[in-house]
Amino acid sequence: MKTILISLPIAALLSGCASLSDRQMTRFNSMSCAQLDVAFDYEKDGERKAGTRAFLNSVTSLTTKGRESTNAELDSFSDQLDEDEHRAAKNYIREQQDRLGC
């Protein structure tokens, strides 16, 4: 029951789309094509690493008990949010590259 109560607010956060802050968009808007390439690679790598961490923490939460399981589950949710943020940034960078004709 405790896990369900913890999971509900986090699931609500995950169901929303990850969006970029104005600061992030402004930063990407001021980049050159070469800089956008580097930023895209960084976000792609970050998305992959966050996805891997989320998966490993999910497995850990299933194979452990008690507080360790709860912590692993929360870490997994956090990593999923991080993965979504990297994906949103990567998509925005790709759109910016298209606008610039990179």
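**View 1. His86 in its helix H4 setting.** The place of His86 is in helix H4, and the model shown here and in every view below is a predicted one. Buried or exposed, how does His86 count? With a relative accessible area of 12%, His86 is buried, because buried means under 20%. Look around the residue and, leaving aside residues up to four places away in sequence, you will meet Tyr42, Glu43, Gly46 and Glu47 as the residues that His86 touches. Another, Tyr42, is 44 residues away from His86 along the chain, and the two C-alpha atoms are separated by 8.8 Å.

**View 2. The disulfide between Cys33 and Cys102.** Searching the whole structure turns up one disulfide. Its partners are Cys33 and Cys102, with an S to S distance of 1.9 Å. Which parts of the chain does the pair link? Cys33 sits in helix H3, while Cys102 belongs to the segment after helix H4 (66–100), so distant parts of the chain, 69 residues apart, are linked here. The torsion about the S-S bond is about -75 degrees, and therefore the disulfide of Cys33 and Cys102 is left-handed.

**View 3. Leu36 and its neighbours.** Staying in helix H3, we now turn to Leu36. Its relative accessible area is 0%, so Leu36 counts as buried. What does Leu36 touch, once residues up to four places away in sequence are set aside? The contacts are with Phe28, Met31, Ile93, Gln96, Gln97 and Leu100. For a sense of how the chain returns to this spot, take Arg94: it is 58 residues from Leu36 in sequence, yet the C-alpha to C-alpha distance is 8.3 Å.

**View 4. Ser61, also in helix H3.** Ser61 is found in helix H3, and with a relative accessible area of 13% this serine is buried. Where does its side chain reach? The side chain of Ser61 reaches the backbone oxygen of Ser58, at 2.8 Å. Not counting residues up to four places away in sequence, Ser61 also touches Ser69, Ala72 and Glu73.

View 5. Phe55, Leu56 and Val59 together make a nonpolar surface patch of about 290 Å². Val59 lies in helix H3, which covers residues 33–63. Its relative accessibility is 35%, so Val59 counts as partly exposed.

**View 6. Stepping back to the whole protein.** How many helices and strands does the secondary structure hold? There are four helices and zero strands, and the elements run α-α-α-α from the N terminus on. Of the 102 residues in the protein, 33% are buried. Among contacts between residues at least 6 apart in sequence, 77% join residues at least 24 apart. The accessible surface of the protein is about 6,800 Å², and carbon and sulfur atoms account for 56% of it.

Technical notes. Residues numbered from 1 in each chain as written. Predicted model: local features only at pLDDT ≥ 70, side-chain atom pairs only at ≥ 80, totals over all residues. Heavy atoms only, no water. Helix = DSSP H or I, 4+ residues; strand = E, 2+ residues; numbered from the N terminus. Buried < 20%, exposed > 50% of the residue type's maximum accessible area, 1.4 Å probe, protein only. Contact = heavy atoms within 4.5 Å. Areas by Shrake-Rupley, 256 points an atom, 1.4 Å probe, with all protein chains shown as cover. Patch = residues over 30% accessible without salt bridge, like charges linked within 9 Å, V, L, I, M, F, W, Y side chains within 5 Å. Salt bridge = Lys/Arg side-chain N within 4 Å of Asp/Glu carboxyl O. Polar contact = N/O pair within 3.5 Å; in protein donor to acceptor, adjacent residues only side chain to side chain. Disulfide = S-S within 2.5 Å.
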